[in-house]
Amino acid sequence: MREGFTMAANTSTSTVDWQTWQESWDRQQEWYMPDREERLRVMLDMVEAVVGTSPRVLDLACGTGTITARLLARFPDATSTGVDLDPALLTIAEGTFAGDERVSLVTADLKDPDWPARLPHDSYDAVLTATALHWLHSEPLAHLYGQVARLVRPGGVFMNADHMIDETTPRINAAERALRHARMDRAKRDGALDWAAWWKTAAADPVLAEPTARRFEIYGEHADGDMPSAAWQARVLREKGFAEARPVWCSPSDTLLLALR
């Protein structure tokens with residue numbers, strides 16, 4: 001077992017209804033991405049297609065463990081390592097998966113060059129991430145892709161589902177954004193929580209208040225990175241060691257990119 005590896009356990013919060021927090025996080029994320037579940041379904045379809053139904057998975061920037069929860073519900077023989085730096089979202093993940101030997105959670109900063117050394121395994125069948133890497137700028141994202149390529153076994157797969165902006169289509173982008181934000185505004189008037197409102201709720205919770213405060217000490221307010229296009233990302237992934245890379249699903253605003261080692 002490598003240094004930095006921790007099992008998912010949190011006895012002091014064992015009475016918290018973690019599923020309610022998971023569902024609250026899901027609803028907040030769906031305010032931004034109404035087709036979020038569809039892209040996660042396609043992600044797991046491609047896991048099954050490429051590496052089968054009992055994969056060893058790295059849930060990269062795992063947050064509350066959204067991908068891990070859906071992975072294990074669909075593939076009970078899978079195992080997952082979740083890695084993240086956010087203490088509040090990791091608290092929810094720890095509570096959710098406490099006692100599940102299929103899940104391990106690691107606290108690590110993906111901008112730390114030595115973060116892979118904290119993982120319990122040297123290689124994975126699949127590395128999966130969603131709505132997480134957009135806060136990285138292009139240069140550190142390219143570096144991260146090189147590290148991911150070394151973690152994915154030959155024949156394994158990496159998938160990133162995120163907002164990837166094609167700057168060559170500004171009018172299409174503007175039209176899509178206007179419609180999406182109009183729908184978001186209507187949902188918010190109907191009571192949907194946005195990012196800021198969700199974190200305000202977490203900060204007021206007795207269990208999550210302290211890790212939420214630490215989270216904002218680490219990150220500050222949410223800030224986006226460069227969000228480069230799918231074409232840029234596919235090219236960089238091939239340059240970093242993947243044999244093939246292309247989108248396998250997209251909506252007007254989001255892309256699921258698959259890279260095969």
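Trp18, Trp21, Gln22 and Trp25 of helix H1 meet Leu89, Thr91, Ile92, Gly95 and Thr96 of helix H4. Sort the residues in this contact by class and you get five nonpolar, four polar and no charged ones. Keep in mind as you look around that this is a predicted model.

How do you describe a pair like this? Two packed helices are described by the angle between their axes and the distance between the axes. Here H1 (residues 18-32) and H4 (residues 87-97) pack at an angle of about 135 degrees, and their axes are 9 Å apart. That angle makes H1 oblique to H4, because an angle has to be over 145 degrees to count as roughly antiparallel and from 65 to 115 to count as roughly perpendicular. As for handedness, H1 and H4 cross in a left-handed way.

In soluble globular proteins, nonpolar side chains tend to be buried together. In this model, the largest nonpolar core has 33 residues, and Leu58, Leu60, Trp115 and Phe158 are the ones with the most contacts inside it. Several elements give two or more residues to this core, among them strand S2 (56-60), strand S6 (152-162), helix H9 (230-239) and strand S8 (255-260). Which element gives the largest share? That is H5, with seven residues.

Leaving aside residues up to four places away in sequence, Trp115 touches Leu58, Leu60, Val83, Ala108, Asp109, Leu110, Leu144, Gln147 and Leu151. There is also a second, separate core of 27 residues, which includes Met43, Leu44, Ile67 and Val157.

| Residue | Where it lies | Relative accessible area |
|---|---|---|
| Glu176 | helix H6 (residues 170-189) | 16% |
| Pro120 | loop between strand S4 (103-107) and strand S5 (124-130) | 16% |

Is Glu176 buried or exposed? Glu176 is buried, because its relative accessible area is 16% and buried means under 20%. Not counting residues up to four places away in sequence, Glu176 touches Pro252 and Ser253.

Pro120 also counts as buried, because its relative accessibility is 16%.

Note on methods:
Residues numbered from 1 in each chain as written. Predicted model: local features only at pLDDT ≥ 70, side-chain atom pairs only at ≥ 80, totals over all residues. Heavy atoms only, no water. Helix = DSSP H or I, 4+ residues; strand = E, 2+ residues; numbered from the N terminus. Buried < 20%, exposed > 50% of the residue type's maximum accessible area, 1.4 Å probe, protein only. Contact = heavy atoms within 4.5 Å. Axes fitted to C-alpha atoms, helices over the stretch in contact; angles between N-to-C directions. Parallel < 35°, antiparallel > 145°, perpendicular 65-115°, else oblique. Left-handed = near helix turned anticlockwise from the far one by under 90°. Nonpolar A, V, L, I, M, F, W, Y, C, P; charged D, E, K, R; others polar. Core = buried A, V, L, I, M, F, W, Y, C linked by side-chain atoms within 4.5 Å.
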